[in-house]
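Please examine the model shown below. The paragraphs that follow lead through its interfaces and then through a pair of packed helices.

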Amino acid sequence: MNPADTTAKPSSLTHAPSPIGRGKFCEVSLTLPSLLWLLFFFAVPAAMVFAIAFKTADSSGGIGSSWTLETIVEVFNFNYARIMWRTVWVSFAVTAICLLLAVPVGYWISRQDKKYKNWLLLLVVIPLWTNFLIRIFAWRLLLHPDGIIRTALVSIGIIPEDVFLLNNMTAVIIVSVYTHLSFAILPIYAASERFDFSLLEAARDLGAGRFRAFCLIYLPGIKRGIITAFLIVFIPALGSYAIPDLVGGIDCELLGNKIAFRAMANRNLPEAAAISVVLACMIAIPFIAFVFGGGRKRADGGARAETEAISRQ
Amino acid sequence: MKKIAAYLCAFAALVCLSACGPSKPTLRLYTWSDYLDLDLVKEFEQKFDCKVVIDCFDSNEMMYAKIKAGGSGYDIIQPTTYMVKIMAEQNMLQPMNLDNIPNAKYIDKSYIDRFAYDKTLKLSIPYMIGYACIAYNKKQLGQIPDTWGVYDTDKYGKRLTLLNDMRETIGAALKYKGYSLNTRSDKELAEAKEVLLRWKKNVSRLENEAYKGGIASGEFYLVQGYKGDLFQVLDENKDLDFMLPREGMSLSCDDWVIPVGAPNKELAEKFINFMLEPANNAKNMVFTMYTAPMEEAMKYLPDDLKNSNKIRLPKEIMEKSEMIEDLGDDNAKYIKIWDEIKAD
Amino acid sequence: MSAAKGRFAAWKSTSLIVTIFVMIFLYMPIVILVAQSFNESRFGGKWAGFSLKWYEALFNDRGVIEATLNTLYIALTATAVSTVLGTLAAWVLNLYKTRLQKFNYGITYAPLVMPDILMGISLLLFFVSLKVELGLFTVICAHITFCVSFVTFVVLARLQDFDFNLIHAARDLGANWRVIIIKILLPVLGPGIAAGAMMAFTLSMDDFVVTFFVGGPGSTTLPVKVYSMMKHGTPAIINALSVVFMALTFSVALIAQIITRKRV
């Protein structure tokens with residue numbers, strides 16, 4: 001491998017793919033392992049879900065052999081609309097609360113001394129190290145009708161005797177916020193880190209009030225972080241399954257639960273697939289808006305900032 | 001960095017080795033939780049020098065979905081009778097060699113004639129009969145009337161649960177209205193739906209398993225549950241009591257089956273035979289608090305349970321209660337109602 | 001600067017209050033769990049005395065032990081494979097800017113935005129159609145699939161800071177590929193790769209929904225076991241299990257911290 005016999009075109013030193021690796025063959029052979037894996041275990045199953053949504057259900061719970069549009073039509077009937085709406089508004093509420101809490105926290109941590117920052121970030125990340133289900137279980141203890149929180153609130157008089165904190169939408173929202181909050185804080189912190197705070201100084205010098213400076217300078221400045229945080233909470237929240245199942249009540253069934261119910265209990269795989277397609281479309285909308293609104297550069301930047309923050313842990 | 005990698009590899013190797021396990025044959029069961037006396041399981045392991053692993057499911061449909069999707073590797077499964085029918089029709093079960101299970105002769109003929117799916121007992125052997133009834137906290141709620149109508153009123157606060165099983169819960173509403181819980185009539189089902197939409201307001205949650213812990217911890221004050229589970233909890237907690245609704249309940253029986261492709265068929269047959277021994281069956285009855293259709297086993301029950309209401313099914317109950325049957329294509333009607341109840 | 005401090009004092013104090021509230025919010029459940037795991041009482045209502053009996057019960061529970069071994073086995077295997085695949089992917093994504101890489105980028109990014117339930121159901125349908133038996137194998141394949149993307153982006157972030165001139169210099173000095181990889185790439189990228197591997201390991205150990213959908217006989221992992229324990233009411237053991245689990249993950253992550261700190 002003599003450096004002299006490359007067939008490279010001259011290229012700048014800072015970007016030099018040619019001397020490294022023999023062109024196309026090297027590139028393709030290094031790309032194939034992960035690409036093939038993902039194509040086979042991700043892209044193909046995803047395509048299958050689309051296809052299966054158009055098939056009939058076998059009465060014994062398998063996938064039938066004929067094609068039909070009936071299942072898709074089923075999915076657009078009234079009952080599903082209600083669940084779709086419920087899923088969207090709950091996810092939205094959870095995301096909004098997470099953002100409301102994450103922005104001050106991200107700001108505060110980014111304004112601390114360097115030696116404290118890493119420890120503070122560690123504190124934010126540690127709860128994620130506990131198992132997801134165990135965190136939900138801990139909340140069931142906390143929100144129990146005879147648990148500390150409720151008895152305290154009832155005795156102070158904040159909530160009346162017949163209001164419960166568990167097995168309803170309140171519990172689902174509280175636990176969902178808990179699960180996603182750390183993920184929201186990290187990108188906002190990363191963006192806040194990169195924010196030039198002298199801009200705020202300048203704004204104040206020019207006479208802007210505190211609130212104006214905050215809304216017009218700071219928030220747009222950390223826009224990338226906010227958008228990343230929004231997506232990183234909203235999209236998984238749309239697909240919630242375990243949280244409504246474990247702490248929700250009868251009126252808390254979300255799309256994720258419906259999919260699981262159809263697949264497992266109803267033995268109707270095509271319908272499960274059809275609902276999945278609907279969920280995927282619901283997710284695609286904010287995501288495509290993000291990609292085309294910001295361009296790939298931003299996606300890269302956002303993801304990079306966030307992964308950097310995480311990988312610095 | 002290299003050292004760490006080396007340690008990790010060594011650790012991984014250890015884990016793999018231990019995951020391989022000893023060369024004793026392993027019997028794999030797929031059944032409901034808390035459904036077998038673990039002391040008996042241990043006894044079997046020692047007697048036959050093997051390992052027994054138990055995986056649990058909480059609904060027949062889920063078990064069916066997993067097995068249908070290719071989850072073979074189980075030697076014994078304990079589905080409910082209506083699911084046995086479906087699985088048999090799908091050729092998922094294999095006939096057992098009754099020469100290896102002589103204790104099957106103790107199963108009550110009257111039960112076999114009336115309820116058993118396979119009267120020759122080759123495809124399925126009955127294990128335990130149960131019914132779904134109500135348990136409540138009498139300290140908090142006082143005495144309650146013996147009807148499904150307790151769900152129809154908000155007198156008992158909001159700490160109530162119903163089963164998260166479409167046939168059981170819609171069945172309860174049907175029984176309340178005096179209809180059969182296997183009905184195919186659209187009119188009757190519509191009435192049941194109205195009833196359930198009313199009950200929904202008073203119910204906190206639909207729960208298939210956590211009602212046990214819930215009623216014991218005070219999270220719920222009144223639950224619909226399976227009698228064995230409920231009696232297990234009642235034993236430990238004197239504040240609780242059970243109620244059998246006068247309109248009737250759903251009966252169900254879980255059967256021993258061996259699926260096609262079971263790796264250890266003969267060992268499985270020995271296990272079933274061991275469990276069917278009257279003395280052992282009695283121990284299982286005491287542990288699970290369900291009823292085995294085996295008169296011979298009743299003789300081995302401890303005295304306080306021999307003639308107790310808790311094990312022996314009272315006649316009035318038997319008469320008013322029905323077994324849940326699979327309804328084939330009419331299942332879709334129940335699914336639709338269930339959807340509407342959950343979506344409202 | 002001190003004038004600035006005064007100006008933004010209001011911001012600082014409100015954000016401080018919110019941060020304190022958030023910290024309490026984040027740690028409250030954990031504190032409760034740890035406390036309850038030592039509680040004699042079965043249902044955690046009142047404090048009934050200090051006891052280690054739930055830990056005892058935990059270590060005697062075969063189901064839990066088997067689930068733990070499964071979880072570790074799956075996590076280690078999935079981490080190993082996904083780290084290799086992810087590192088390769090990060091390398092080519094960083095190095096080459098062809099159309100193939102644009103496609104590669106898209107396909108690698110997509111699993112990050114897919115909720116686990118969609119991944120679970122698509123893999124379930126996939127395995128069902130191919131008539132593959134559900135079990136350890138399918139679970140490991142599923143775990144690798146969602147881990148690869150995460151590893152790729154973590155390593156990619158590190159790679160983007162890597163100075164390729166180092167490699168040019170080495171080539172100019174006559175080093176061959178083996179030397180370059182061992183003496184330059186691995187040491188410098190090591191922490192990034194380790195961080196990616198850590199991420200993959202944590203994701204695999206924590207996963208519930210995907211494992212729940214594609215699991216089968218003998219592939220019960222800890223999260224799946226916890227789920228079924230939560231459902232059929234042995235609540236007290238779960239507290240002890242949680243504490244043990246937390247201690248485990250905590251120590252693994254702490255070790256990773258120490259490794260990555262040392263290197264940098």
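Predicted model: local features only at pLDDT ≥ 70, side-chain atom pairs only at ≥ 80, totals over all residues.

Between chain B and chain A, five salt bridges are counted. One of these joins B:Lys342 to A:Glu253, with 4.0 Å between the closest N and O atoms.

The extent of this interface can be given both in residues and in area. Chain B brings 28 residues to the contact and chain A brings 30. Together the two chains bury about 2500 Å², of which 50% lies on carbon and sulfur atoms. Within chain B, the residues that lose the most area to chain A are B:Arg205, B:Glu219 and B:Lys342, which together account for 23% of what that side buries.

The next interface is that of chain A with chain C. Here 106 residues of chain A are in contact with 98 residues of chain C. The area buried between chain A and chain C is about 9600 Å², with 76% of it on carbon and sulfur atoms. One salt bridge is counted between these two chains: the side chains of A:Arg135 and C:Asp206 meet at 3.8 Å, N to O. Eight residue pairs, both at pLDDT 80 or more, are in polar contact between chain A and chain C. Helix α1 (residues 23-52) of chain A supplies the largest share of the side that touches chain C, namely 23 residues. By class, this side of chain A comprises 76 nonpolar, 15 polar and 15 charged residues.

Inside chain A, a helix pair remains to be described. The axes of helix α4 (residues 114-125) and helix α7 (residues 169-194) of chain A come within 9 Å and cross at roughly 155 degrees. Because of this crossing angle, α4(A) is roughly antiparallel to α7(A). From α4(A), the contact is made by A:Lys117, A:Leu121, A:Val124 and A:Val125, and from α7(A) by A:Ser182, A:Ile185, A:Leu186, A:Tyr189 and A:Glu193. The residues of this contact divide into six nonpolar, one polar and two charged.

Note on methods:
Residues numbered from 1 in each chain as written. Chains lettered and ligands numbered in written order. Heavy atoms only, no water. Contact = heavy atoms within 4.5 Å. Buried area = accessible area lost by both parts, 1.4 Å probe. Polar contact = N/O pair within 3.5 Å; in protein donor to acceptor, adjacent residues only side chain to side chain. Helix = DSSP H or I, 4+ residues; strand = E, 2+ residues; numbered from the N terminus. Nonpolar A, V, L, I, M, F, W, Y, C, P; charged D, E, K, R; others polar. Axes fitted to C-alpha atoms, helices over the stretch in contact; angles between N-to-C directions. Parallel < 35°, antiparallel > 145°, perpendicular 65-115°, else oblique.
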